Amino acid sequence: MPIVALPQALDAPVSALPQVKAPDVKRLAKLDIATVRDLLLTLPFDWETYGAPTEVVGLRDGQQATVVGTVTSISAKQSLRRRIRLTEATIRDDVGAALRLVWFNQPYVAKQLHNGDRIAVAGTVKSARFGAALQMQNPHYERLEDREEVKPTRVGGLMPKYHLVEGLSSRKIARWVESALPLADRVEDIVPDEVRDRHRLIGVADAIRKGHKPETDQDFADARRRMAFAELFELQAAFALIRASIAAEPAAPIAYRQEVIEAFKAGLAFELTRAQRQAIWDAFKDMAQTVPMNRLLNGDVGSGKTAVAAAAAAMAHASGMQSVVMAPTEILARQHLHRFRAYLEDSFPGLTVELLVSGQSAPERRRVRAAAASGHCALVVGTHALIEEEVEFANLGLAVVDEQHRFGTRQRELLRGKGSGRPHFLAMTATPIPRTLALAVYGEMSVSVLDEMPPGRTPVITEVIDPDERVRAYDIVRREVAAGGQAFVICPLIEESETLAVRSATAEAERLQTEVFPEFRLGLVHGRLKEKDEVMQRFVAGEIQVLVATAVVEVGVDVPNASVMMIEGADRFGLAQLHQFRGRVGRGAAQSYCLLLADDPSDGALQRLELVARIHDGFALAREDMDRRGIGELMGPRQHGLTDAAMESLRDPALLDEAREEIQRLVADDSGLDRFPALKAAATRRLEMTSIS
Ligand code: ADP
Ligand code: MG
């Protein structure tokens, strides 16, 4: 094969492989497969298993089976009417019972199989018409040597299952892999020999061969484990590189002062929770170092993350340093402005907090920018975009980012005070992230968890309502809104297309307005809406009483007057996500309600929803989600940048811990990983590919 001769064959695009056409290249790209190396390293996630060969007599319609027999007829023909190319064959098993085989649009089958060949076929049995012979459509097949015994695992291994997108089939991918397989030995192993030995991991070439063409179940398991380890290892290496690059550029240390925290606490209208005090202390310790703080603050909605950030900003101010807080939306930025002012301005008379968002007038923005540049303003609250683009600080010491899943070193570069080094960095998220996942995907950060809610909150009454009883849900909404409250109605998640989601939400809003709540003022917000912020603002102001929203409405908006969260198609959301929605009510004094309506009223779906009704701890729900739907679902696709094999491996934290320890060992005396070029190259590639860097 010519490709083998190419020196850079592994880095060659997949189009270099025979039979990979332009549309295939695009399809593979969707699976993150761009090069021949990517193709080899992407193992099947499973294998079709049809079990040991069975006789034709006794096969039932719909059964998945393996049959061994001799080809007694085979022919290819063109179906003129439907323009389909049919290959039809018959095999007879050892006792002479016939099984019909049909392949659509696979004319090459007729060239590969001949009368008298002994073959194994595997597929789903169909009894085509009453009285007609049993048949299999598009079965997997393999020609057997004369007296060859069929090993069940081998027949089970006839067809790997790859992740697919439209237009691809596992058979196609298997064929391409086959042609690339001679290159397996050239794939550099990013896991050093000694590390492999310590953890009984097979080499990469071995894993590629055994993963794509296992002889036994054990082969496949070994290959998966090795690949998962390598991926976690590579990701941890990437984190180590980030940490090294952050550490290489020092921050100005912010000395801890007892009197600052005393003044801060004295100015609050409440007592800090134990968890808040711990997180504040974590931050103070980090900020006192010359290595910039890089900390994630993870706490449920309402756990009081803002107060932690405010304490850090107060400490920075006491050292003469400025802070910046970035929010994902303008509304959230405005809410932060008010809260930070309430927390800080009375206790720290010289500390001014300013807002910078695009909705402001030009002179106002100029004024705030000038105040930031002169150092006069201690804290600027704004949206991410604005701050990235325009603001200069005299002396930036702390950057806080709220609800931004990823905020990488590159963006951090943009945030630099004149003269001073990097700012200390604090990210806040309400997405509950179990420890293993946090270590795996936020491995470059230290994590503080707010696992305690401020006292005195009345739990949101959560009810799973049978779709037949939707009227009862409407009654609750009506009762609450009539009493002066407000309600959210969340439309079902439509993953296929945002356009469809928008259309169905629009229709639902109209229907609710005309047929269900003609007496109330309804509003609609969705991801495509330009006036999103305005609509939200009108809801915050109470002008809109019932807000219909798609699943993409921003998190964290504080509307204390909202007391009902009604979620349609609740079974399509993750438990942690439902919990996030619920967190948007119950912020005021009134008793609040969360109403869950399932599209699929099956017992399984309802039982899952009952968990949300029973459990009010976001972390506990996240763990349930993890156990039920797989760890990857928690964060949404791609955000984590891990394959599902690696994600699955996180169910058992041992492998991750091993990968972390090994990387720590490697970087202990080689922080740039220069002695491990293959690993460094792979980690760097990963940083470039994902948004981590
Ligand atoms: P988060 O950002 O974590 O969702 P917030 O910081 O917005 O939470 O806090 C939610 C509400 O709880 C705010 O009104 C805040 O003033 C209040 N709060 C924060 N900490 C406490 C506390 N320790 N005790 C009582 N209320 C608190
Ligand atoms: Mg918040």
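In this predicted model, helices α12 and α13 pack against each other at an angle of about 60 degrees, and their axes lie 10 Å apart. α12 and α13 are therefore oblique to each other, and the crossing in which α12 passes α13 is right-handed. On the side of α12, the residues that take part are T306, A307, A309, A310, A313 and A314, and they meet H336, R339, F340, Y343 and L344 of α13. Sorted by class, the residues of this contact divide into eight nonpolar, two polar and one charged.

Helix α12, which spans residues 305–318, also packs with α10, which spans residues 258–267. The angle here is about 135 degrees and the axes are 10 Å apart, which makes α10 oblique to α12. The crossing of α10 and α12 is again described as right-handed. From α10 come V260, I261 and F264, which meet A307, A310, A311, A314, M315 and A318 in α12. By class, the contact of α10 with α12 has nine nonpolar residues, with no polar and no charged ones.

A further partner is helix α11, made up of residues 274–287, which packs with α12 at an angle of about 35 degrees, with the two axes 9 Å apart. The crossing of α11 and α12 is right-handed. Q276, A279, I280, F284 and M287 are the residues of α11 in this contact, and in α12 they meet A307, V308, A311, A312, M315 and A316. The contact of α11 with α12 divides into ten nonpolar residues, one polar and no charged.

Two packed helices are described by the angle between their axes and the distance between the axes, and the table sets out these values.

| Helix pair | Angle between axes | Distance between axes |
|---|---|---|
| α12 and α13 | about 60 degrees | 10 Å |
| α10 and α12 | about 135 degrees | 10 Å |
| α11 and α12 | about 35 degrees | 9 Å |

The second largest pocket holds about 1000 Å³ of space. Of the 44 residues that line this pocket, V301, G302, S303, M453 and R457 are the closest to its centre. Which elements give two or more residues to the lining of the second largest pocket? They are α12, α13 (330–344), α21 (575–582) and α23 (618–629), and the largest share, five residues, comes from α13. By class, the lining of the second largest pocket has 16 nonpolar, 15 polar and 13 charged residues.

Key. Residues are numbered from 1 along each chain as its sequence is written. Chains are lettered from A and ligands numbered from 1 in the order in which they are written. This is a predicted model: local features need pLDDT of at least 70, side-chain atom pairs count only at pLDDT 80 or more; totals for chains, interfaces and linings use all residues. Side-chain values use heavy atoms; hydrogens and water are left out. Axes are lines fitted to C-alpha atoms, for helices over the stretch in contact, and angles run from 0 to 180 degrees between N-to-C directions. Helices (H or I, at least four residues) and strands (E, at least two) are DSSP runs, numbered from the N terminus. Angles under 35 degrees count as roughly parallel, over 145 as roughly antiparallel, 65 to 115 as roughly perpendicular and the rest as oblique. A crossing is left-handed if the near helix is turned anticlockwise from the far one by less than a right angle, and right-handed if clockwise. Contact means heavy atoms within 4.5 Å. Ala, Val, Leu, Ile, Met, Phe, Trp, Tyr, Cys and Pro count as nonpolar, Asp, Glu, Lys and Arg as charged, and the others, Gly among them, as polar. On a 1 Å grid over the protein atoms alone, a cavity is a set of points where a 1.4 Å probe fits but cannot get out, and a pocket is an open set with protein on both sides within 12 Å along at least five of seven lines; lining residues have an atom within 4 Å of a point. Grid points are joined across faces, edges and corners, and a volume is the space filled by probe spheres set on the points.
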